[in-house]
Amino acid sequence: MELNLKNPLAFFDLETTGINIAQDRIVELAILKVMPNGEVVKMHHLVNPTIPIPEESAMIHGIRDEDVKDKPTFKTLAKSIAKFLEGADLAGFNHVRFDIPLLVEEFLRAGVDFEVGNRKLVDAQKIFFMMEKRTLSAAYQFYCNKELEGAHGAMADTEATYEVLKAQLDKYNGQSVEDIGGNVIAKIENDMASLHQLVGSNMVDLGGRFVFNDQGVEVFNFGKHKGKPVTDVLEKERGYYDWMMQGDFPLDTKRKLTQIKLKGFKMG
């Protein structure tokens, strides 16, 4: 089936030096842009990341320092890549959690303004997870090794969910849940407050350092101020803003922090 497009749709994938959004760099970029008329245009670059490629990363994508030492840096390519993606929506496989944040970081480091807020984001992995074997019956089979009889009957489903949750805790109890940067954002444990943190998507920044609370207020999602409104902390502890801006946080996180700070001044 041909895609029904109003805007160009750019499928893209990155190979990188690692998975830390704030520190790691792109070593390969591939874009396949589908135009509304069905035309397909491609862009591909090997990129000099300007930092060493760890062997553990090279073993995954096969790209080593000698392969990219004479290739252009992302800063050199940034404007042409941004131009190629101009007006295009973005598609990928699990790209919202990693590829897009890291691409935005590279653009910001290069001084090129690249916004994703006005683009449609299409994630094939999301569709895959929604459509293929993600039902209660499948979970019951996977975790409990049982066939769910009477599926879609309210009591049968309720009892199966109870068994699945207990089996999940048996399997995962004590294991940490990490974001794409390797930061622990939650832990699977037999505690309902902890499990509650796993529900929903309420991130403010792409790195997940800020989230919206139940009142829609931006709060910290890490450290000593976790759960506190960002504006309150910045007002009471003036040096915290400078600490984060100078710290090893993704540029997108710093940008969002500045936006929250400026919004607080306007409201104050």
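Two strands pair if DSSP finds at least two bridges between them. I wrote that down before opening the sheet, along with the element rule: helices (H or I, at least four residues) and strands (E, at least two) are DSSP runs, numbered from the N terminus.

**Housekeeping.** I'm working on a predicted model, where local features need pLDDT of at least 70 and side-chain atom pairs count only at pLDDT 80 or more, while totals for chains, interfaces and linings use all residues. Residues are numbered from 1 along each chain as its sequence is written, and side-chain values use heavy atoms, with hydrogens and water left out.

**Sheet.** I traced five strands in an open sheet with mixed pairing, in the order E3-E2-E1-E4-E5. E3 (40–46) and E5 (121–123) each have a single partner strand and sit at the edges, so one side of each has no neighbour in the sheet. On average, neighbouring strands are turned by 20° against each other, direction ignored; axes here are lines fitted to C-alpha atoms, for helices over the stretch in contact, and angles run from 0 to 180 degrees between N-to-C directions.

E4 (residues 89–92) pairs with E5 in the parallel sense, over three bridges. Which residue of E5 does Ala91 stand opposite? I found Val122 there.

**Helices on the sheet.** H4 packs on the sheet and touches E1 (9–16), E2, E4 and E5, with its direction at about 80° to that of E1. Contact means heavy atoms within 4.5 Å. I also looked at H3 (residues 74–84), which lies across E2 (26–34) and E3 and runs at about 170° to E3.

Is H4 mostly covered or mostly open? It's mostly covered: nine of the eleven residues in H4 (residues 99–109) are buried, meaning under 20% relative accessible area with a 1.4 Å probe, protein chains only. Among the buried ones I noted Asp99, Glu105 and Glu106, as well as Ile100, Leu102, Leu103 and Phe107. Just after H4, Gly111 takes a positive phi of about 75°.

**Whole chain.** I count eleven helices and nine strands in the protein. The C-alpha atoms fill a box of roughly 60 × 55 × 40 Å along the principal axes. Of the 268 residues, 38% count as buried. For contacts with a separation of 6 or more, I got 51% from residues 24 or more positions apart.

Terms used: Buried means under 20% relative accessible area, exposed over 50%, partly exposed in between (1.4 Å probe, protein chains only).
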